[in-house]
Amino acid sequence: MKTPDDALVHSLEDVATRLRIWSIRATTAAGSGHPSSAASAADLVAALFFHAMRFDPDDPRAPHNDRFVLSKGHAAPLLYAVWAEVGRLSHDELLRLRTIDSDLEGHPTPRLPFVDVATGSLGQGLSAGVGLALGARSDGVDARTWVLLGDGEMAEGSVWEAAQMAAHERLDHLVALVDVNRLGQSGPTVLGWNVAAYQRRFTAFGWRAVTVDGHDMGQVVGALERARRMRQAPTAVIARTVKGRGIEGIEDAESLPRHPRRRRVPRSAPRSPRARRTVTRWCESAP
Ligand SMILES: Cc1ncc(C[n+]2csc(CCOP(=O)(O)OP(=O)(O)O)c2C)c(N)n1
Ligand SMILES: [Mg+2]
């Protein structure tokens, strides 16, 4: 099997690092958001937007563009960082995340030209992806639809209804990327890092399913390239990742506060002295 060349891998890794940095900067400026959810998916999203997807950055609504659905919509700052990286958003705009007169809300909305469907209510993005893929097919357009889901989100029954429909319709232009960081909002998921279990489930639903290390850029690129070549069935790329990847003191941490800038520890945040130190370190080290 051909492996992606080193220059490509390194440049995508650099992109992923910038996406993480801007996700952190934006959520820090906003005083709210989910930077650790952005960080786990940053390598997947970098490989997707800057290698696998076919789209015109100057015409995000062009019908022949590949589509992207951020089913785990709370990772919106990651998507905004992508569009800053392609030059459609300024870094100043990123830093106005969630302010009253900004279109960069905590979850993506179609007011933004590069968002087709509002997400944030978990469990719905794959259904939207099925609709987009069916629409592209009926329009005779050779566009792919890529959907990024969280692993906690996979517990939503609606995901599996969509998976069933996608296989029934042989939607080979639909790809689901599952960010298996083993954590939901405040604790572990049912399947943890058991990526083989997700693979078996997708396969049972009639998908072609592959597992990758979601932080090994070479593996990610290879899986996305193979997904592009898939015929007759949708593809699931199940990526083992680490929540908060690349953020010291935050990686794989449970029960983190979602509001990194808040100096007083809110009632809902962890109360232990160790957890409070983590919050403080996080506040002080974020750029
Ligand atoms: C239907 C629904 N229920 C609950 C929430 C609140 N919520 C926001 S993020 C989150 C955790 C999601 O975990 P996961 O899918 O694993 O994504 P991760 O942040 O780990 O990437 C939850 C439960 C939501 N957005 N939608
Ligand atoms: Mg998760």
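Let's begin inside the protein. The largest nonpolar core has 80 residues, and Val45 and Val237 are the ones that touch the most other members. Helix H2, spanning residues 35–52, supplies the largest share of this core, with eleven residues. Keep in mind as you explore that this is a predicted model.

What does Val45 touch, leaving aside residues up to four places away in sequence? Its partners are Leu19, Leu78, Val82 and Leu148.

## A closer look at Val237

Val237 sits in strand E5, which covers residues 235–240. Is Val237 buried or exposed? A residue counts as buried if 20 or more other C-beta atoms lie within 10 Å of its own. Val237 has 28 C-beta neighbours inside 10 Å, so it is buried.

Leaving out residues up to four places away in sequence, Val237 touches Val175, Leu177, Val210, Val212, Ala223, Leu224 and Ala227. One of these, Val210, stands opposite Val237 in E5.

Strands of a sheet pair through backbone hydrogen bonds, in either a parallel or an antiparallel way. Here, five strands form an open sheet in the order E1-E2-E3-E5-E4, and the pairing is parallel. Strand E1 (67–70) and strand E4 (208–213) stand at the edges; each has a single partner strand, so one side of each has no neighbour in the sheet. From one strand to the next, the twist averages 20°.

Which strand pairs with E4 over six bridges? That is E5, and the two run in the parallel sense. Helix H5 (residues 125–138) lies across E1, strand E2 (145–150) and strand E3 (174–180), at about 175° to E2.

## The whole chain

The protein chain contains nine helices and five strands. Read from the N terminus, these elements follow the order α-α-β-α-α-α-β-α-β-α-β-α-β-α.

Of the chain's 287 residues, 47% count as buried. Among contacts with a separation of 6 or more, 74% come from residues 24 or more positions apart.

## Around the ligand

Which residues come nearest to ligand 1? Of the 19 residues around ligand 1, they are Ser37, Gly150, Gly152, Glu153 and Gln185. Sorted by class, the shell around ligand 1 holds twelve polar, five charged and two nonpolar residues.

Conventions:
Residues are numbered from 1 along each chain as its sequence is written. Chains are lettered from A and ligands numbered from 1 in the order in which they are written. This is a predicted model: local features need pLDDT of at least 70, side-chain atom pairs count only at pLDDT 80 or more; totals for chains, interfaces and linings use all residues. Helices (H or I, at least four residues) and strands (E, at least two) are DSSP runs, numbered from the N terminus. A residue is buried if 20 or more other C-beta atoms lie within 10 Å of its own, exposed if 12 or fewer, and partly exposed in between; C-beta atoms are placed from the backbone. Two residues are in contact if their C-beta atoms, placed from the backbone, lie within 7 Å. A nonpolar core is a set of buried Ala, Val, Leu, Ile, Met, Phe, Trp, Tyr and Cys residues joined through C-beta atoms within 7 Å. A residue is near a molecule or strand if its C-beta atom, placed from the backbone, lies within 6 Å of it. Ala, Val, Leu, Ile, Met, Phe, Trp, Tyr, Cys and Pro count as nonpolar, Asp, Glu, Lys and Arg as charged, and the others, Gly among them, as polar. Two strands pair if DSSP finds at least two bridges between them. Axes are lines fitted to C-alpha atoms, for helices over the stretch in contact, and angles run from 0 to 180 degrees between N-to-C directions.
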